[in-house]
Amino acid sequence: MPKISTKGIQMPESPIRKLVPFAENAEKKGKNVYYLNIGQPDIKTPQVALDAIKGITLETLAYSRSEGSESYRTKIAEYYGRNNISVNHDDIIVTTGGSEALLFAFGSIMDKDDEIIIPEPFYANYNGFSTSSGIKVVPVISKIEDNFALPAIEEFEKLITSKTKAILICNPGNPTGYLYSKEEIQKLAEIVKKHDLFLIADEVYREFVYDGISHFSILEEPTLSEHAIVIDSVSKRYSMCGARIGYLVSKNREVISTALKFAQARLSPPTLAQIASEAALDTPQTYFEEVIDEYVSRRNLLIEELQKIPDVKVAKPNGAFYCIAELPVKNSDDFARWLLEEFDFENNTVMVAPAAGFYSTEGVGKNQIRIAYVLKEESLRTAVKVLAEALKVYKD
């Protein structure tokens, strides 16, 4: 029988999606499942984007340019300008989701067996992207006790080798919701300049920052023009996950010209989704104000209710719509599966994302879960109640 590739065997399963069959079986048994596991917002997509699709009069749905349409990239540059980020349309490559932007970045700056340093816990697919690109993730652990703040720069320095090509952060963070400060970004700027590395920032949650704190982009740091690569996406910002439109942004001309070759190899990003995404840039600011108010309210309720559960530890997020909770269990994978297979409270159960999949260090995060607060408050309250009742009876 022909053999599967070593790379294919090493590709990690998604900690978010691997429990889906168990949730489906629970629903078939008549249970109501509260999905706390995946960052699919329940917020409505801006009407201006939906209307753009309805109003299409094209007779041929043709390829776009490999880097994305010029009109769209020009409007993206204007959007960044409104956010104190000075770029032009030639600094932007439109991609099929932020995922492709990250793959283009990895392919453009790293070769097989090169290394990238990432504070963990991190977005689980960074492991998958690294495996598919043949590069090695070198983790530096941030701790729940510190609210997942940036680890000391000395910890990064210890890990830098001749194979190190970049540092990657997610800001605000998935799965922690941590928002890096301007001072933390400047510390990272110093180290990447000192060691001549790239700094990649996944900034797809830029709009979702709370408590009067401002987001500081790596593209705002003037000394990083040759080092900075931003990964962005419309998925969360406009609740357009299904559009699959993202972009890679850098002022480094070699990065852009190299990434463009990868873009040409896949021909072009989807034309229809670009039309909707370009229209979404006209979304009024009131939309974001309402969304942020909603997420702040949900976050506050979630943290307050989790803190009432004995022996549960939770970090308070300042951005995105996730948090990490530490539970009084030995293995959250086993617990998450048990919730779906064997437990219900008043015919309700919950689906959570075991947090070990957000680490690359073996054995770390096994008693943690990621919760996405993308449900309405009443549902969140019920879901946490179910979680609390489950912990009362669960046996490792």
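By class, the residues lining the second largest pocket are 8 nonpolar, 8 polar and 5 charged. Here Ala, Val, Leu, Ile, Met, Phe, Trp, Tyr, Cys and Pro count as nonpolar, Asp, Glu, Lys and Arg as charged, and the others, Gly among them, as polar. This is a predicted model; local features need pLDDT of at least 70, side-chain atom pairs count only at pLDDT 80 or more, and totals for chains, interfaces and linings use all residues. Residues are numbered from 1 along each chain as its sequence is written, and side-chain values use heavy atoms, with hydrogens and water left out.

A pocket is an open set of points on a 1 Å grid over the protein atoms alone, where a 1.4 Å probe fits, with protein on both sides within 12 Å along at least five of seven lines; lining residues have an atom within 4 Å of a point. Volume is the space filled by probe spheres set on the points, which are joined across faces, edges and corners.

The second largest pocket holds about 490 Å³. Its lining has 21 residues, with Pro12, Asn127, Ala356, Gly357 and Tyr359 closest to the centre. Helix α6 gives the largest share, 4 residues; helices are DSSP runs of H or I, at least four residues, and strands are runs of E, at least two, numbered from the N terminus.

Now the largest pocket. Its volume is about 580 Å³. Of its 29 lining residues, Ser99, Tyr123, Asn125, Lys236 and Arg244 lie nearest the centre. The largest share, 4 residues, comes from α5. The lining divides into 14 nonpolar, 10 polar and 5 charged residues.
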